[in-house]
Amino acid sequence: ANTTGGAYHAPKNKEIFVLPDETAKIEILSDTNVLEANSMSSGNLTFRLLDQYGNLVNNSFLQIAVFAFGDAVLDEAEDQSPLIPGVQMNVSKGFADISLHAQDKTGEVSVYVVLLDQELSDEFVDAAIAGEPIDLGGVIGASKKFTILQETKLQATVDDMEIPADGESVT
């Protein structure tokens with residue numbers, strides 16, 4: 001940032017550091033919104049933790065819990081606490097990544113992610129033991145839907161047409 005001290009002072013360059021506030025929002029990014037129902041198709045999900053101003057919360061040790069409902073499964077190798085429902089993941093530098101794998105049925109998959117704290121972890125365990133639903137009201141989180149389509153085959157056709165490669169011709 002350039003600053004001046006008045007009419008007769010030369011501009012000075014000062015470095016300004018912005019520290020993120022507490023997590024206020026989770027953003028879900030994915031490389032695809034559509035998976036193929038072939039038990040091999042997968043998509044990569046990235047979760048970004050942001051403060052109320054949209055800054056990446058990269059200065060805290062946090063955990064998230066991720067759930068997938070539908071005909072796809074999350075990569076459980078990322079699970080830090082197998083006894084708690086969902087996949088618990090550590091967040092490093094404001095990011096966490098996981099893969100979503102389609103099964104062999106078409107339909108929709110909903111992925112939910114919530115910011116995890118000790119109180120919510122305890123609620124997850126209690127609800128799992130009691131077989132009760134988990135109340136996520138007021139919890140910081142996000143969701144995203146994915147579509148699983150029937151297996152497709154890509155067919156390319158080539159026309160018997162000559163295209164000049166002179167850099168000037170328009171076809």
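In which sense do strand S3 and strand S5 pair, and over how many bridges? Strand S3 (residues 25-30) and strand S5 (residues 42-50) pair in the antiparallel sense over six bridges, where pairing requires that DSSP finds at least two bridges between two strands. This is a predicted model, in which local features need pLDDT of at least 70 and side-chain atom pairs count only at pLDDT 80 or more, whereas totals for chains, interfaces and linings use all residues. Residues are numbered from 1 along each chain as its sequence is written, and side-chain values use heavy atoms, with hydrogens and water left out.

**Strand pairing**
- Strands are DSSP runs (E, at least two residues) and helices are DSSP runs (H or I, at least four), numbered from the N terminus.

**Positive phi in loops**
- Ser 39, in the loop between strand S4 (34-36) and S5, has a phi near 65°, a positive value in a residue other than glycine.
- Lys 93, in the loop between strand S8 (87-91) and S9, has a positive phi of about 55° although it is not a glycine.
- Ser 39 is partly exposed, with a relative accessible area of 47%, while Lys 93 is exposed at 63%; buried means under 20%, exposed over 50% and partly exposed in between (1.4 Å probe, protein chains only).
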